[in-house]
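Hi there,

Here is the structure I promised to pass on to you.

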Amino acid sequence: MVEAQSWTTRRMSNPRFDAAATTTPTVIDIPGTPPHSSSSTGKPFFLSSPTVSPSVLTAAIIAAWFGSNIGVLLLNKYLLFYYGFRYPIFLTMTHMLSCAAYSSAVINIAGIVPRQHILSRRQFLKILALSAIFCLSVVCGNTSLRYIPVSFNQAIGATTPFFTAVFSFLITCKTESTEVYLALLPVVSGIVLASNSEPSFHLFGFLICVASTAGRALKSVVQGIILTSESEKLHSMNLLLYMAPMAACILLPFTLYIEGNVLRILIEKARTDPLIIFLLAGNATVAYLVNLTNFLVTKHTSALTLQVLGNGKAAVAAGVSVLIFRNPVTVMGVAGFGVTIMGVVLYSEARKRSKMLNQK
């Protein structure tokens with residue numbers, strides 16, 4: 001159970017002597033755009049300026065993607081561990097509410113993508129099921145931030161391909177080539193090496209982060225199964241528009257039951273320290289920007305580019321968090337993280353070759 005009634009502000013504490021640590025970004029895992037979906041015929045005003053060259057625009061979008069992905073991780077860590085805000089479920093719910101509000105504005109007002117509608121009760125129930133898995137993954141990820149460092153969290157998160165392969169086999173009986181499975185060996189061995197040498201290792205934090213990683217993989221597999229019909233597929237931004245409020249509704253009773261009177265405590269805290277309001281609002285906004293920049297990077301480059309950037313982001317986020325929070329690391333831990341990232345790259349290449357062979 002999440003600790004509910006303590007609010008100990010620790011902004012002046014020394015991270016070197018703190019026993020707890022970090023988690024995965026509240027990075028929200030949003031699927032790729034269905035092939036039949038396209039952006040609106042009219043470009044949004046912030047992407048249509050004739051004075052900005054395509055290369056500069058793409059570079060700016062990639063920079064924004066890095067900034068939002070790493071920023072939400074660091075803000076989550078700071079709020080949940082150093083600042084003393086001990087309410088990860090409520091924090092996740094604010095992310096969902098933010099995503100719902102911004103998605104509505106971006107789709108209905110800015111017109112960045114065409115609006116799609118839920119066409120049947122069956123489609124609604126499918127999206128609701130995805131929202132439940134989505135909640136599990138994000139809450140576990142945010143909760144783990146209280147116990148393990150961001151660097152270790154990113155190392156665990158890099159094992160997502162392993163869980164994806166496992167769930168694909170267990171649920172759909174889908175098998176991959178031998179080369180693909182061999183590429184998963186360094187993914188797993190690297191995280192084992194990093195775990196054994198992690199100075200800030202916390203068993204509960206480790207397990208809850210593994211659950212978050214497995215949840216992301218499960219969502220991607222389940223989504224590929226239940227949203228197979230062309231009429232039911234939704235653009236990634238439209239899917240977020242419907243999933244976010246559903247997720248917030250799912251989280252509301254849990255935050256009330258587990259985390260107690262968090263809203264009352266927040267109001268009392270804001271009276272003495274208004275910074276908490278700006279931190280929560282900024283954190284929720286950056287959480288949405290993660291999803292928006294995911295879409296924009298894919299739109300202006302490719303899904304493969306986004307995957308490559310994701311591998312690099314994990315390493316950059318780990319390095320930045322160590323520089324900011326000063327959590328101790330070991331040579332073996334860094335080596336284990338490197339082995340895991342190398343395995344993810346090999347896995348991506350092996351899958352790409354396997355798909356090319358199957359298409360011939």
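Phe 85 and Phe 90 are both buried, meaning under 20% relative accessible area, with over 50% called exposed and anything in between partly exposed (1.4 Å probe, protein chains only). Before going on: this is a predicted model, where local features need pLDDT of at least 70, side-chain atom pairs count only at pLDDT 80 or more, and totals for chains, interfaces and linings use all residues. Residues are numbered from 1 along each chain as its sequence is written, and side-chain values use heavy atoms, leaving out hydrogens and water.

Rings of Phe, Tyr and Trp (its six-membered ring) pair if their centres lie within 6.5 Å; planes under 30 degrees apart are stacked, over 60 edge-to-face, and the rest tilted. How many aromatic pairs does this rule give? The count is 12. One of them, Tyr 78 with Tyr 83, is tilted, at 6.0 Å centre to centre and 50° between the planes. Tyr 83 counts as buried because its relative accessible area is 0%, whereas Tyr 78 is partly exposed, at 23%. Phe 85 and Phe 90 also form a tilted pair, with 6.2 Å between centres and 55° between planes.

Now for a helix (a DSSP run of H or I, at least four residues, numbered from the N terminus). Helix α12 covers residues 331-359, which makes 29 residues. Its buried residues include Gly 333, Phe 337 and Tyr 347.

Enjoy exploring!

Definitions and conventions. Helix = DSSP H or I, 4+ residues; strand = E, 2+ residues; numbered from the N terminus. Expected span 1.5 Å × (residues − 1).
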